[in-house]
Amino acid sequence: MEKLMDFDEWLANYKPQDPEYFAVFDPQTGEVKSVGPKHAFENEKNKILIDREIAEAIIEGNIKIGSCVIDPTANSLEIAEVKNIHKIDDVLHRIQDVAYAADIEKPDLYISYDANQKTLTVELSEELEGTKKLPEKFQPVKPKKVVWDGDTEMDFLITEYNDPNVLFEMISVKINELKGSSVTFENIDYSRFSVYTRRIFKNCVIEYK
Amino acid sequence: MKFGYLLVVSTHDTVDYLKLAYALALSIKNTQKTGYDQVALVIDDKTPVGELASSWVFDHVIEWNQETYWDGRSWMDQLSPFDATVCLDVDMLFTRDYSHWIDYFLENCELYVANKSYTYRGEVVTDLHYRKAFIRNNLPNLYSMYTFFKKDSEMAKDFFELGRHIIKNPVEFSNLFLTNYKPRVVGTDEAFALSAKILDIVNDIAYPLEFPKVVHMKPMIQNWPWPAEAWSDHIGFYINKKGEVKLGNFQQHSIVHYVEKDKINNEVIHILEEISWKN
């Protein structure tokens with residue numbers, strides 16, 4: 001007769017498997033059809049393993065299943081929780097000080113502030129048909145073929161240093177005005193300030209001279 | 001009685017925990033009164049500490065490498081060089097003087113563990129998204145991110161010893177005590193909560209107080225009507241030249257547990273350093 005293992009020993013060594021959750025989705029639209037434990041979807045073809053916390057949040061109704069999609073472009077196949085999300089950094093982007101932007105080697109938009117002249121100059125990179133020369137190592141620069149509405153206006157909020165809640169003034173530039181020339185604003189007279197903008201260009205920096 | 005803050009870090013592949021501890025220590029020096037601003041750092045390799053511009057913000061640097069990452073915090077009672085200590089998570093910033101909290105703890109407590117947290121708008125966190133194991137297993141809602149203890153306390157000694165034992169034997173304790181919902185990891189919060197429950201000292205170490213006030217920036221507990229993966233997708237983090245912190249348009253007066261480690265960049269460090277140099 002087979003001898004049973006001592007119960008206390010079994011309990012001490014018992015390690016239950018973490019439950020695995022899957023999302024079933026429509027491959028055409030990425031729409032999530034259902035979420036549940038692995039065994040519920042044995043016969044489904046279009047399914048992916050998803051994080052337990054997200055799965056439980058969907059099952060409990062804390063995340064609406066209707067606002068979940070599978071992103072087919074991401075190799076990891078994650079759930080994108082909300083469609084059309086606008087991150088705060090996209091609509092209120094702080095233009096980084098070049099002194100702390102070592103990772104931005106090729107800025108698309110370059111602003112320079114001259115504290116003596118009290119002027120703020122806005123330029124596009126020469127790669128985008130602007131006037132800001134890129135460093136030697138990127139020469140010769142091959143212009144990017146970008147199609148945009150030249151009347152698009154870029155607003156720059158000049159604010160208290162690192163606080164867009166305290167607005168000093170707002171200035172605007174049309175992208176057309178930056179093709180082949182720079183735009184300079186005068187009488188920008190603040191001891192320390194930040195510039196925020198809607199993030200039309202990915203890499204934007206400001207140099208304080 | 002010598003009081004101080006204890007920060008425990010270790011080397012990590014992707015996160016520079018020393019940088020976070022440095023920012024926190026700077027913010028402590030910038031905001032706390034003399035006598036309430038001592039900081040001890042526990043780190044597995046103290047070589048990089050000497051490379052910091054203001055390494056003096058760490059009054060004690062203790063090299064210790066028996067545990068990795070946050071597990072080291074469960075040894076806080078044995079590592080602290082102070083008679084009375086608050087051990088903190090390092091991804092936090094102080095925004096004003098909290099010495100009156102310490103006066104209370106010194107006078108009234110041997111051991112106190114934070115048992116509430118707040119949203120960035122100052123509301124008490126009630127969302128249970130990250131606390132399922134606590135609720136379903138009827139554990140006290142403890143947050144190890146702010147733990148006060150006195151070194152000579154027998155209760156604290158028992159509490160931390162059992163906490164370490166739980167962290168070392170997570171499967172056994174889960175199978176016996178966390179049967180209604182097994183957490184993926186038995187971390188310091190779960191271990192402390194279970195330790196307090198087993199020792200039956202919850203009412204002694206986590207009774208209701210209006211402090212410590214810690215704003216906990218885990219994204220799903222901010223009372224937003226939408227799910228969030230990262231809080232910084234929805235609101236900004238702003239630290240001005242005085243070291244004052246705003247989250248969105250809310251000025252922060254509590255300790256800010258910012259959670260997202262990338263919030264502490266070289267510019268933030270420079271701001272905090274400048275303030276400390278002027279003090």
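Which residue is the bridge partner of B:Val214 in β12(B)? The partner is B:Ile255. This pair belongs to a predicted model, in which local features need pLDDT of at least 70, side-chain atom pairs count only at pLDDT 80 or more, and totals for chains, interfaces and linings use all residues. Residues are numbered from 1 along each chain as its sequence is written, while chains are lettered from A and ligands numbered from 1 in the order in which they are written.

Start with the terms. Helices (H or I, at least four residues) and strands (E, at least two) are DSSP runs, numbered from the N terminus. Two strands pair if DSSP finds at least two bridges between them.

β8(B) and β12(B) (residues 255-257) are joined by 3 bridges and run parallel. They belong to an open sheet of 3 strands, in the order β5-β12-β8, with mixed pairing. β5 (92-93) and β8 (214-216) of chain B are the edge strands. Each has a single partner strand, so one side of each lacks a neighbour in the sheet.

β1(B), helix α1 (residues 17-31) and β2(B) form a right-handed β-α-β unit. Right-handed has a set meaning: with the strands pointing away from the viewer, the path from the first strand over the helix to the second runs clockwise.

β1(B) (residues 3-8) and β2(B) run parallel and share 4 bridges. Within β2(B), B:Ala40 is the residue opposite B:Leu6. β2(B) also pairs with β3(B) (residues 60-63), again parallel and over 4 bridges. There B:Val42 has B:Ile62 of β3(B) as its bridge partner.

Is β2(B) enclosed or open? A residue is buried if 20 or more other C-beta atoms lie within 10 Å of its own, exposed if 12 or fewer, and partly exposed in between; the C-beta atoms are placed from the backbone. In β2(B) (residues 39-43), 5 of the 5 residues are buried, so the strand is largely enclosed by the rest of the structure. In a regular strand the side chains alternate between the two faces of the sheet. Both faces of β2(B) are covered. B:Val39, B:Leu41 and B:Ile43 are buried on one side, and B:Ala40 and B:Val42 on the other.

The helix of this unit is enclosed too: 14 of the 15 residues of α1(B) are buried, so the rest of the structure largely encloses this helix. B:Asp16 sits in the loop between β1 and α1 of chain B. B:Asp16 is partly exposed, with 14 other C-beta atoms within 10 Å. B:Asp16 and B:Ile264 are 248 residues apart in sequence, yet their C-alpha atoms are 9.7 Å apart in space.

**Helix α5 of chain B**

α5(B) covers residues 154-168.

**Where the chains touch**

Two residues are in contact if their C-beta atoms, placed from the backbone, lie within 7 Å. By this rule, 24 residues of chain A are in contact with 22 residues of chain B. On the chain A side, α1 (7-13) and β11 (163-174) each supply at least two residues. β11(A) gives the most, with 3 residues.

Chain A itself has 3 helices and 14 strands. Of its 209 residues, 22% are buried.

Most residues other than glycine have a negative phi, and most peptide bonds are trans. Here are the exceptions to look up.

| Site | Feature | Angle |
|---|---|---|
| A:Gln139 to A:Pro140 | cis peptide bond | omega about -10 degrees |
| B:Phe211 to B:Pro212 | cis peptide bond | omega near -5 degrees |
| B:Asn138 | positive phi | phi near 55 degrees |
| B:Asp200 | positive phi | phi near 60 degrees |

A:Pro140 lies in the loop between β9 (119-124) and β10 (153-160) of chain A. B:Asn138 is in the loop between α4 (132-136) and β7 of chain B, and counts as exposed with 10 C-beta neighbours inside 10 Å. B:Asp200 is in the loop between α7 and α8 of chain B, and is exposed as well, with 8 such neighbours inside 10 Å.

Methods
The expected span of a helix is 1.5 Å times one less than its number of residues.
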